[in-house]
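My entries are below the structure.

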Amino acid sequence: MNLDLARPPAAYVLANARVPACLLPDSISAADRRHIGQSRHEDLIAVDLTIGEGRLAAIAPAGGSAPEVPRLDLAGGLVLPGLVDIHTHLDKGFIWTRAPNQDGSFDGAMAAVAADRAAHWTEEDIARRFDFALRCAYAHGTCAIRTHLDSDGERGAIAWRVFARMREAWKGRIELQGVGLIAIDAVLDDAVFTPLVEQIRAHGGLLGSYTYGTPNLAAGLERLFDAAETHGLALDLHVDERDRDGRGLAAIAALALRRRFEGPILAGHCCALALQGAEEIDRTLDVVARAGIAIVSLPMCNLYLQDREPARTPRWRGVTLVHEMRARGIPVMVASDNARDPFYAYGDLDLIEVYREATRIAHLDHPFAGWPAIISRTPAEQMGLATGRLTPGAAADLCLLRARSLNELLARPQADRIILRRGRAIDARAPDYAELDDLMESRKGPCHGL
């Protein structure tokens with residue numbers, strides 16, 4: 001039967017779907033495995049998904065659902081739950097046209113963002129770009145996002161006001177979490193740090209910072225942990241992204257253990273680890289595992305920025321050691337990070353693209369095992385959300401794909417995916433870049449050039 005998913009019946013079945021075993025409840029994935037051909041290698045399970053009143057009412061082995069309910073045969077197409085993007089920068093997004101990174105370097109990105117922020121980041125400007133980014137993510141199937149917000153100075157307060165507006169406006173479509181982001185040196189500045197903590201507490205956010213080689217690293221981390229413990233805040237930190245000899249991850253893990261810190265800690269990037277010796281890697285990962293720290297890799301942004309020198313091919317791959325971390329039981333994820341801004345000139349808040357590129361970059365195959373969880377189940381768990389997996393009773397927020405295997409999923413962009421929200425197909429067209437033309441063209445600053 002053909003069903004109009006834009007106007008579906010109250011109950012229907014998505015028949016003959018294939019889903020990654022790691023995204024099903026353990027009881028179902030253990031009891032009802034029906035692998036088909038290539039699916040065995042990829043740990044996919046053939047199921048029927050019954051949708052009722054906008055929720056995932058039941059999951060049954062393929063062919064095992066109630067025959068009287070209208071059925072849509074997916075012919076072995078993949079179904080994924082709503083996706084979860086745990087590390088983004090929505091306040092920076094989509095400024096590339098007026099603030100390009102002139103040399104593609106990390107320092108070039110810092111300079112371009114600073115200039116654009118000073119010249120253009122009004123509440124209207126941030127809000128329009130923020131909303132544009134959310135519409136991109138929504139169209140691609142994302143149901144939850146954590147965003148870092150540059151939080152020093154008056155424009156930091158503006159960013160948090162925009163965040164509060166967007167969280168309310170998008171309630172029920174995208175769950176939003178905010179992280180206050182400042183440099184680790186600024187943590188020691190009362191004029192910056194005290195207002196940051198107040199903003200975070202007022203908006204139910206997380207405490208963040210970015211670390212680098214500085215004599216103030218130890219003191220800054222101590223003060224971060226002091227504030228987190230005093231106010232019951234979780235930590236989400238940028239770690240060892242630009243410093244090839246960085247030891248920030250080891251320092252954070254050792255401090256968490258020494259203080260017996262009980263709050264969640266997420267460390268992003270952690271790129272320097274890949275350049276260290278085997279013994280140091282083992283020591284660091286052992287203490288990270290003991291400290292219960294989770295890791296998010298941002299491979300697309302880091303490949304864009306790192307080891308960039310004129311007329312020279314980069315040597316540094318820009319990803320952390322996700323295989324070694326996973327082997328130790330450390331939760332690992334990937335996320336979008338930046339989109340069309342000086343830190344990453346491309347991207348569209350599309351987590352399927354991120355997963356596809358991460359698989360190629362970091363060899364997340366042979367076997368595929370549980371890797372599909374890195375854009376769904378694992379980040380949802382880290383955000384404290386009940387999304388990111390296919391669970392009976394949960395909202396039917398799903399991504400329907402023509403691809404019948406993970407190989408097919410990763411081979412093409414999946415531009416024809418169908419996105420269901422509460423069992424109903426949405427308009428999955430991303431917004432037109434032209435919507436932001438007036439922000440870009442009428443306010444050309446000194447950094448405009450490409």
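**Whole chain**

I noted first that this is a predicted model. I looked up the secondary structure and found 15 helices and 16 strands in the chain.

I then checked the overall size. Along the principal axes, the C-alpha atoms fill a box of roughly 65 × 55 × 50 Å. The radius of gyration is 22 Å, which agrees with the value near 22 Å for a compact globule because the chain has 450 residues.

I looked up burial next: 59% of the 450 residues count as buried. For contacts, I took those between residues at least 6 apart in sequence, and 79% of them join residues at least 24 apart.

I went on to one pair of helices. Two packed helices are described by the angle between their axes and the distance between the axes. I therefore looked up both values.

Helix α8 covers residues 248–259 and helix α9 covers residues 278–291. Their axes come within 9 Å and cross at roughly 40°. I recorded the crossing of α8 past α9 as left-handed.

Which residues meet there? On the α8 side I listed L249, A250, A253, A254, A256 and L257. On the α9 side they meet T284, V287, V288, R290 and A291.

Notes. Residues numbered from 1 in each chain as written. Predicted model: local features only at pLDDT ≥ 70, side-chain atom pairs only at ≥ 80, totals over all residues. Heavy atoms only, no water. Axes fitted to C-alpha atoms, helices over the stretch in contact; angles between N-to-C directions. Helix = DSSP H or I, 4+ residues; strand = E, 2+ residues; numbered from the N terminus. Left-handed = near helix turned anticlockwise from the far one by under 90°. Contact = heavy atoms within 4.5 Å. Rg over C-alpha atoms; globule rule 2.2 N^0.38 Å. Buried < 20%, exposed > 50% of the residue type's maximum accessible area, 1.4 Å probe, protein only.
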